[in-house]
Structures are given as structure tokens and as C-alpha cells.
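Reader: I'd like to talk through the charged side chains in this one. Can you show me the model?

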Amino acid sequence: MTEIHSNQRVAMLADAQNLYHTAQSLYSRNIDYSALLEKGVAGRELTRAIAYVIRADSPEEESFFEALVDIGFEPKIKEIKTFGDGSKKADWDVGMSLDAVTLANHVDTVVLCTGDGDFSRLCSHLRHEGVRVEVMAFGESTAEELIEAADTFLDLSERQETFLL
């Protein structure tokens, strides 16, 4: 495992839907993205911070997208797809994975902000490529295989005063 040092180049990839729904269901609170970015970067060199968001046509979402930019995130926005039976779906798993693999040659560390176990294989791949992988998510809802696949895991639930608004 690579140790943390100030010259490390870091990319932070935040699964905003996963974080939002978990924070709401567990604590009825929102994520402090400024604290998330600051603690995730941890004094290292930020190469890129991307927040993967879904456009749900709610009144406050545009101001949320703008706030992400002000904090230092690049929001990547996906529209919800509505199917013939009325069901809806939108997720960024493939997009986040592709971005992580693409960024791997340009960073030393990838910080994944998600508890989704689908990313465990991505962690293994990145680590095989020599990239340090850190996961920041809520322990209660984070897949065990994701925690095991990462170099480190920071449980947001243990620091609610820092990461929740």
C-alpha cells in the first residue's frame, strides 16, 4: 500500500446519488461536499474532482449543480430514462468506471465516494495498475467487497459532524 504524501496527484469521483440517498435514509441530512473534497484530497494535489449527478427536474437541483462547481467539482449530469412501463433508471456506474480507468495514468490516487459494491472490481483493476484507491462512504451501506478491494476506507458515519449538513 502506498503511503499518503503531499505530492500525490488525486482524482475524486463522487457518486452523488448513492451519497444523497444514503445520507437521507440514514440521517435525513445532506452531504457536505466541501468537507468531502477537503478530507478526500487531504492536502495532496487535486487533479480532478467529478460529481456524478442525475437530473430529476427538482427545483433546487440547478443551484446544487452550481454549488458543486463553486466547491471545485465538475458535475457530470445524466437525465433519468423513463421506460414504457413507467419505471425510471439512471446510474453512472459505467461512466465513473471509464473515467477512473482513463484518469489512472494521470493520478497516483483515486478517491471513490460511493458504497456501491459494483465498484470493487474497478478498485482491484486500479490497484493492479499501481493506483492507490481510497473509498469514502457510509459504513452501514457500503458493500464489504468494496471495502476489502480498496487501500483505505473512510466511514462517513463515524464523522457525521464533518460530512453531513
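Reader: What makes E134 and R132 a salt bridge?

Author: Their closest N and O atoms are 2.6 Å apart, and a salt bridge is a side-chain nitrogen of Lys or Arg within 4 Å of a carboxyl oxygen of Asp or Glu, so the pair qualifies. E134 and R132 also belong to a network of salt bridges with R44. Bear in mind that this is a predicted model, where local features need pLDDT of at least 70, side-chain atom pairs count only at pLDDT 80 or more, and totals for chains, interfaces and linings use all residues. Residues are numbered from 1 along each chain as its sequence is written, and side-chain values use heavy atoms, leaving out hydrogens and water.

Reader: How many salt bridges does a search of the whole structure find?

Author: Eight. Another one joins R127 and D151, at 3.0 Å from N to O. R127 sits in helix α5 (residues 120-128) and D151 in the loop between α6 and β8 (152-155), so the pair ties together parts 24 residues apart in sequence. Helices (H or I, at least four residues) and strands (E, at least two) are DSSP runs, numbered from the N terminus.

Reader: Why is D151 called buried, and why does R127 count as partly exposed?

Author: Buried means under 20% relative accessible area, exposed over 50%, and partly exposed in between (1.4 Å probe, protein chains only). D151 has 15%, so D151 is buried. R127 has 37%, so R127 lands in the partly exposed range.

Reader: What is the relative accessible area of E62?

Author: It's 37%, so E62 is partly exposed too. E62 pairs with R55 in a salt bridge, with the closest N and O atoms 2.2 Å apart.
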